[in-house]
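My entries follow in the order in which I looked.

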Amino acid sequence: MPLHRRSLLAGALTLGAAQAFPGLSRAQARKLVFATFTGSWEEAHRAVLVPAFRKNSGGDVILDPMLSVDQIAKVQAARANPPIDVMLHDPGPALTAIAQDLVEPYPVAQSAHYGDLIADAQEPMGPAPFFQIVGLTYNPEKVKTPPTSWADLWKPEYRGRVGITNLNSTLGTGFLVEIARMHGGSETDVEPGFKALEALKPNLAAVAANPGALAALYQQEQVDIGPGNFNAIQILKARGVPVEFAAPKEGIIAFKTTIHIVKNTPSKELAFRLIEAALSPEVQAKLMQSPYLIVPTNRKVAMEGEVAKVLARDADELKRKSVFQDWAAINRGRPAWIERFNREIRV
């Protein structure tokens with residue numbers, strides 16, 4: 001990548017400032033680094049959260065999108081000088097990050113918004129700014145009858161048309177657990193799920209690296225149906241890509257996503273301010289609107305529009321309609337499942 005004059009000048013100024021002012025902290029010498037997720041999450045945070053943070057704090061932030069497992073690996077490798085200041089985690093990786101002492105307790109007493117979150121979102125080691133929802137996604141121009149069950153993915157007419165993700169993502173692992181349950185398994189017994197995946201091979205068109213990559217395959221018309229994240233397809237849908245979401249009769253998979261201050265960050269105050277912006281009713285209300293349709297957790301934000309129409313009118317209804325998986329149990333077997341999946345499930 002070529003180095004531009006402006007970036008060279010900015011780097012020289014930063015270095016010069018650090019040398020001129022020995023007391024200048026690492027926090028002041030670099031921008032806050034927020035490891036968001038890829039795809040629609042990055043777009044939503046860049047459009048809504050980042051401007052709100054800049055306005056309220058006067059600070060600046062770099063988005064570094066990646067999967068949770070990669071965030072943890074990066075912070076583990078540099079605990080004393082972490083390259084990330086704020087991490088975003090689904091429930092499984094969040095438990096791992098806490099257990100490995102990679103995150104700070106959230107300063108709840110200083111927060112203006114923590115007490116306004118629904119009870120399930122009030123996590124003292126990192127609050128949840130939103131829920132994620134997994135169901136069935138499909139191309140309505142190619143799949144004329146909307147799917148109603150996970151079992152529809154095994155229908156002969158979908159030979160070579162199904163897309164899934166690998167197990168590094170919560171989407172992939174959550175789907176494995178649900179199809180294991182469908183065949184008599186559980187969070188601690190996914191053998192029926194692996195047998196079902198083996199039977200699904202003739203229908204598989206792609207195994208994507210993450211939910212964002214899977215959503216892009218619908219845009220490229222490389223897949224027509226599969227398990228999918230409700231939010232991952234919304235920006236594509238707003239751009240005119242033919243893709244829809246359907247709730248399987250077995251129940252949508254729901255899980256909260258938590259946001260954390262990384263331990264040993266030199267930018268703890270700015271990290272706190274970014275998270276405060278993510279918890280605020282103003283940001284959550286904007287993120288709930290099209291094209292993002294992110295499910296809020298702040299009680300001051302009433303669910304409305306497409307979120308209320310397709311998913312639920314409030315948090316209580318969402319909990320009644322959803323399957324919440326046991327990620328503490330899943331975490332115990334997940335590393336071995338990932339190795340097995342990568343070895344056995346290929347297109």
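**Aromatic pairs**

I searched the whole structure and got seven aromatic pairs. For a pair, the ring centres of Phe, Tyr and Trp (its six-membered ring) must lie within 6.5 Å; planes under 30 degrees apart count as stacked, over 60 as edge-to-face and the rest as tilted. I note that this is a predicted model, in which local features need pLDDT of at least 70 and side-chain atom pairs count only at pLDDT 80 or more, while totals for chains, interfaces and linings use all residues. Residues are numbered from 1 along each chain as its sequence is written, and side-chain values use heavy atoms, with hydrogens and water left out.

I looked at Y106 and Y114, which form a stacked pair with 6.3 Å from centre to centre and 25 degrees between the planes. Y106 and Y114 are both buried (under 20% relative accessible area; exposed is over 50% and partly exposed in between, with a 1.4 Å probe and protein chains only).

Next I took F230 and F245: their ring centres are 5.1 Å apart and their planes are at 80 degrees, so this pair is edge-to-face. The pair links distant parts of the chain, 15 residues apart, with F230 in the loop between β7 (225-229) and α9 (234-238) and F245 in strand β8 (residues 244-246). Helices (H or I, at least four residues) and strands (E, at least two) are DSSP runs, numbered from the N terminus. I found F230 and F245 buried.

I also noted a cluster in which ring pairs link F37, W41 and F130.

**Core**

Which residues have the most contacts inside the largest nonpolar core? They are F34, I133 and L197, in a core of 95 residues. A nonpolar core here is a set of buried Ala, Val, Leu, Ile, Met, Phe, Trp, Tyr and Cys residues joined through side-chain atoms within 4.5 Å. A second, separate core has 10 residues, among them V75, I84, A97 and V262.

I listed the contacts of F34 (heavy atoms within 4.5 Å), leaving aside neighbours within four places in sequence. They include H45, L49, V61, I62, L63, D64, V86, L88, I259 and L274.

**Helix α7 and its partner α6**

I checked helix α6 (residues 170-182) against helix α7 (residues 191-200): their axes come within 7 Å and cross at roughly 100 degrees. Axes are lines fitted to C-alpha atoms, for helices over the stretch in contact, and angles run from 0 to 180 degrees between N-to-C directions. That makes α6 roughly perpendicular to α7 (65 to 115 degrees; under 35 is roughly parallel, over 145 roughly antiparallel and the rest oblique).

On the α6 side the contact is made by F175, L176, I179 and A180, and on the α7 side by P192, G193, F194, A196 and L197. By class I get eight nonpolar residues, one polar and no charged. In this scheme Ala, Val, Leu, Ile, Met, Phe, Trp, Tyr, Cys and Pro count as nonpolar, Asp, Glu, Lys and Arg as charged, and the others, Gly among them, as polar.

The buried residues of α7 include P192, G193, F194, A196, L197 and L200. Their cover includes β5 (162-165), α6, β6 (204-208) and α14 (327-344).

**Helices α5 and α14**

I then turned to helix α5 (residues 91-99) and α14, whose axes come within 9 Å and cross at roughly 80 degrees. That makes α5 roughly perpendicular to α14. P91, G92, P93, L95 and T96 of α5 meet W327, A328, N331 and R334 of α14. By class this contact has five nonpolar, three polar and one charged residues.

**N298**

Is N298 buried or exposed? N298 is buried, at a relative accessible area of 2%, and lies in the loop between β10 (295-296) and α12 (305-310). Not counting residues up to four places away in sequence, N298 touches H113, D116, L117, L279, S280, P281 and Q284. From N298 to L279 I get 6.8 Å, C-alpha to C-alpha, at 19 residues apart in sequence.

Most residues other than glycine have a negative phi, and most peptide bonds are trans. I looked for departures.

- The peptide bond from S290 to P291 is cis, with omega near 10 degrees; P291 is in the loop between α11 (281-288) and β10.
- L293, in the loop between α11 and β10, is not a glycine but has a positive phi of about 55 degrees. L293 counts as buried at 7% relative accessibility.
- N264, also not a glycine, has a positive phi of about 75 degrees. N264 lies in the loop between β9 (252-261) and α10 (268-279) and is partly exposed, at 38% relative accessible area.
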